[in-house]
Amino acid sequence: MNQLIMKEIFAFKGQNEIEFHKKFGTKEACLQYLADRKWKNGFTCPSCGCTEEYFTSEPFHKRCKKCLHHASPMANTLFHKLKFGIEKAFLIIFKMSATTKSISAEQLAKTIGVNRKTALAFQHKVRLAMQSSEQYPMEGEVEVDEAFIGGQEESENRGRGAESKTQIVLAVEKTGLFGIKRVYARVIENGSTSELMTIFEKHISKTAKVLTDKWRGYLPIMNSYNIMQEKSQPKENFQTMHQCIQQLKSWIRGIHHHVSPEYLQAYLNEFCYRINRSIHKESIFDNLLNRMALASPCYLNNLKKNYWK
Ligand SMILES: [Zn+2]
């Protein structure tokens, strides 16, 4: 039997913002919470790999016994080189996880008193932590379809404006008749088989029963996945999928107004993360904080299009 006794650590639960402010009103409370997660399996020196600690007078920090390397709770996590107070960072993470629709960079800038660019850069780091682990492919009934996001609104005068839109492919795992259990979405260059294949490889089990429309791009994928095709008819089929696409479009339009194609994948990650955890809302903040604490640091210059999985 394993004799290792794990330290019981406090985990914030729920969506109550007053409770959140009570708990995380000070820098110390936030650093403690982060340190508990970063070192929940003990300390390992990032410099020499030693696991023994030496005394340090700085609270929540660790010092390596062998090389005396000093490790702060924020170093080498997604909080690395944070440009504002950690209390503000915690509030951003709370708003992006525990609320239903999250918050725009503009609104955030006003709420926490930083400039829009700074708020947006940190939000992108949070979105990085929201990326799927790709460990749990979708099972059961799955619908796959493509959609166009952004660009000019469709209007009679301007035509469909599809040239300025970005194409995405979505997969929805159904529950009940029209319920959404999980959703994943990816930006694609076009509707070719190789582009469509990525969502299958990353997110769909080979035993899932997949439904697509009659688009021929899916035909070669039938060799390795269980796919049925049906002609898409409004209000007749693909209701769950269409409901999900509408939800995504109205979220982008309503909260973010405009999303550049370069960063669209980041927003898709965020949208899917919240839906996929809607039945675990109680622990969603803690889950995301854990991910932020255990992820490698990311520099803003790296947050380019191809960075997003
Ligand atoms: Zn060391």
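Modeller: Along the chain, the donors of the zinc ion are spaced C-x2-C-x15-C-x2-C. The model is predicted, so local features need pLDDT of at least 70 and side-chain atom pairs 80 or more, while totals for chains, interfaces and linings use all residues. Numbering starts from 1 along each chain as its sequence is written, and side-chain values use heavy atoms, without hydrogens or water.

The zinc ion is held by the SG atoms of C45, C48, C64 and C67, at 2.3 to 2.4 Å (donors: N, O or S within 2.8 Å of the metal, 3.2 Å for Na, K and Ca). The angles among the four donor atoms are 100 to 116°, making the site tetrahedral (all angles between 85 and 135 degrees). C64 is buried at 0% relative accessible area, but C67 is partly exposed at 35% (buried: under 20%; exposed: over 50%; partly exposed: in between; 1.4 Å probe).

Now the sheet. Five strands form an open sheet in the order β6-β5-β4-β7-β8, with mixed pairing (strands: DSSP E runs of at least two residues; helices: H or I, at least four). The edges are β6 (179–187) and β8 (227–229), each pairing on one side only (pairing: at least two DSSP bridges). Neighbouring strands are turned by 25° on average, direction ignored (axes fitted to C-alpha atoms, for helices over the stretch in contact; angles from 0 to 180 degrees between N-to-C directions). Helix α7 (239–256) packs on this sheet, touching β4, β5 and β6, at about 40° to β4 (contact: heavy atoms within 4.5 Å). Helix α8 (264–276) lies across β4, β5 and β6, at about 165° to β6. Strands β4 (141–149) and β5 (166–175) run antiparallel, joined by eight bridges. There, D145 has L170 of β5 as its bridge partner.

Terms used
Tetrahedral: all angles 85-135°; square planar, octahedral: opposite > 155°, others 65-115°.
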